[in-house]
Amino acid sequence: MFDVVIIGAGVTGSAIAREVSRYKLNTCVIEKEEDVCNETSKANSAIIHAGFDAVPGTMKAKLNVMGNAMMDTIAEELDIPFKRNGSLVVCTKEQDPEGLQVLMERGKKNGVPGLQILDREALIEKESNLADDVTCALWAPTGGIVCPFHMTMGYAENAYENGVQFFLNTKVEKLEKTGEGFRVQVHHADTCVDETIETKLIINAAGVYADEINNQLSDRKLHITARKGGEYMLLDKTVGDYVKSTIFQLPSKMGKGVLVTPTVHGNLLVGPTAVNVEDKGAVNTTMNGLDQIARVSAHSVKNVPLRQVITSFAGLRAHEDGGDDFVIGESEDVKGLINAAGIESPGLSSAPAIGVTVAELVRDLLNAEEKSDFNPVRHGILDPDTLSLEERNQLIKENPAYGNIICRCEMITEGEILDAIHRPLGARSLDGVKRRTRAGMGRCQSGFCSPKVMEILEREVPMRVDQIGKNGVGSEFIVGENKELS
Ligand SMILES: Cc1cc2nc3c(=O)[nH]c(=O)nc-3n(C[C@H](O)[C@H](O)[C@H](O)COP(=O)(O)OP(=O)(O)OC[C@H]3O[C@@H](n4cnc5c(N)ncnc54)[C@H](O)[C@@H]3O)c2cc1C
């Protein structure tokens, strides 16, 4: 019997798991994918928004500003890359600058510090590549950029180290209310075994599927529209400093525009588009979408070096149709069901605050005591680039795997890959290694390092080479031996 079952190991479920792990509770996370951070949390703009966008008084506004303020501590405790690079919302000649005032007033009501409207002269000192038509902008110094993979994994690993169990490759198929709590029927995809788990509380952090989880138990139905929000282009590190801050466009009748931003790892990111879709797995990119990004980005930043695109991707926003806010709290008609649903943007920025808010609710509902031995500190994968030459030489002497470069684009060593595989909730797929270490994230997009990473995985974990996939069951690369096929 668990006290708490959390469904979903995206950034929301992982942040909640870490905050719940402060209490003396028997908690588990159930995730249908083979790894944490495998759905919306892996494909977004990676911005820690300042908080001027959400309507004052909403949960989105409150949790965004609170989450933003928590980020320095979270980044330090979880050892994840985070930078307050500041954000600009730019206004062009054709637009009414009054729109910036509206955003600034809204931001002030939400409690966003340091907002300022800058004229073109001040802007050009900050950003020399702004489009010629840009006249002024709203500057938010608290805006930041983060690595969404490391943020989610940092939370999940820290939860695990504090006693939370994770069932990956495990899908919640059916939920039933019992006298004391809930019966959760799950299917383990890797072993093809079905199992029933009992729990006092359920936390629904199932992203675009949160309506399906809620609607199995509650008469207060939710409906989540997956909004493809949408397609992005990622540019090579050689142009990562083309802009320093995150450049948003002032929303207009034509839409919210696209952003141009550096990433915390030194790439340049341009996007997204926004389209409603029925298919909750529709994360393909399209020629139209990418053309649109190229055209619209030029309104704010001139000559974006699009020849340096190394990959494109898309993500899905979980928009709850009943309102324009997050749905967070205990269900009105099902005692013990806690929803964290409709977590669309700014869900990443709000995750630290959602984690604390939901964990406090759990504490109150279960009368839980705090653990005296909760450890808030997690150590990330050692990055040899952060060492001096002497320190690096010493490291290689002690462990020669740090002298063996596996990914030539990102200069990732075998030592980092071994760490990614053997740490808590370690990588079991190529994407798992990639998201933890960046092996395969560079210019060649894993063309050269995939076979080497597969060899290391085969050697280090109990998996045959034909079981190793890009991201779990069904994505295997090797289907048989040549001679079997002929
Ligand atoms: C294009 C785009 C750009 C964005 N940009 C930003 C941004 O810059 N800043 C920001 O703050 N926010 C941004 N967001 C929002 C942010 O990415 C999301 O709010 C956040 O990632 C949601 O996390 P989640 O954990 O709720 O959902 P997910 O990451 O989708 O996690 C839900 C998990 O539940 C699992 N699951 C579902 N059903 C089941 C089941 N039956 N059994 C077991 N597991 C299940 C899924 O496999 C998944 O892993 C953006 C979103 C999009 C789409």
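Is Tyr232 buried or exposed? Please select this residue in the viewer, bearing in mind that the model is predicted. Tyr232 counts as buried, because its relative accessibility is 2% and the cut-off for buried is under 20%.

**First stop: Tyr232 and Phe313**

Tyr232 belongs to strand S13 (residues 224-235) and Phe313 to strand S18 (residues 309-320), so the pair ties together parts that are 81 residues apart in sequence. Phe313 is partly exposed, with a relative accessible area of 23%, whereas Tyr232 is buried.

**Second stop: Phe2 and Phe167**

The count of aromatic pairs comes to two. To view the other pair, select Phe2 and Phe167, whose arrangement is edge-to-face, with 6.3 Å from centre to centre and 85° between the planes. Phe2 is located in strand S1 (residues 2-7) and Phe167 in strand S9 (residues 165-167), so this pair ties together parts that are 165 residues apart in sequence. Phe2 is buried, at a relative accessible area of 11%.

Select Lys126 together with Trp139. The charged end of Lys126 sits over the Trp139 ring, at 3.9 Å from the ring centre. Finally, move to Arg408 and Phe448. Here Arg408 lies over the face of Phe448, 4.3 Å from the centre of the ring.

Methods
Residues numbered from 1 in each chain as written. Predicted model: local features only at pLDDT ≥ 70, side-chain atom pairs only at ≥ 80, totals over all residues. Heavy atoms only, no water. Phe/Tyr/Trp six-rings, centres within 6.5 Å; stacked < 30°, edge-to-face > 60°. Helix = DSSP H or I, 4+ residues; strand = E, 2+ residues; numbered from the N terminus. Buried < 20%, exposed > 50% of the residue type's maximum accessible area, 1.4 Å probe, protein only. Lys NZ or Arg CZ within 6 Å of the ring centre and 35° of its normal.
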